[in-house]
Amino acid sequence: MDVLITVQARTTSLNGQKRVCQNLCDLYMKTMRTGHEVSPEVDAEARKCNMRHYKRFRHLISKGKKINVAKVAVASEMVRDMWAIGLKVYNENLLT
């Protein structure tokens with residue numbers, strides 16, 4: 001509950017939905033273990049996908065879709081994005 005209050009306090013001082021989503025993504029960013037780093041391009045693509053999934057889920061819910069339907073729709077898109085990002089990482093590793 002404390003985290004939710006912190007996030008709400010942080011979002012009220014910002015203007016614009018995009019900045020709110022970006023700050024929420026930055027707030028929960030995980031740190032990579034040694035040897036598991038990715039290039040900045042892959043990181044940027046993953047962040048864009050994460051924001052798109054968040055926005056799409058919220059949009060579907062606001063339009064009256066059931067929560068489980070929205071989850072499945074976003075999950076299927078997430079799998080496709082994971083595949084594309086995995087291919088980028090694989091191709092980067094081939095070049096090095």
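How far apart in helix H3 are arginine 47 and aspartate 43? They are four residues apart, so about one helical turn separates them. Helices here are DSSP runs of H or I with at least four residues, numbered from the N terminus.

Some ground rules. This is a predicted model: local features need pLDDT of at least 70, side-chain atom pairs count only at pLDDT 80 or more, and totals for chains, interfaces and linings use all residues. Residues are numbered from 1 along each chain as its sequence is written, and side-chain values use heavy atoms, with hydrogens and water left out.

Now the charged pairs. The structure has six salt bridges, each being a side-chain nitrogen of Lys or Arg within 4 Å of a carboxyl oxygen of Asp or Glu. Arginine 47 and aspartate 43 form one of them, with the closest N and O atoms 3.6 Å apart.

Glutamate 45 pairs with lysine 88 at 3.5 Å, N to O. That bridge links distant parts of the chain, helix H3 to helix H4, across 43 residues. Glutamate 45 is partly exposed at 21% relative accessible area; the scale is buried under 20%, exposed over 50%, partly exposed in between, with a 1.4 Å probe and protein chains only.

Aspartate 81 meets arginine 52 at 2.9 Å, N to O. Aspartate 81 sits in helix H4 and arginine 52 in helix H3, 29 residues apart. Aspartate 81 is buried at 14%, whereas arginine 52 is partly exposed at 35%. Shared partners join Arg52, Arg56, Glu77 and Asp81 into one salt-bridge network.

Last, glutamate 77, in helix H4. Glutamate 77 is buried, with 11% relative accessibility.

Definitions and conventions:
Helices (H or I, at least four residues) and strands (E, at least two) are DSSP runs, numbered from the N terminus.
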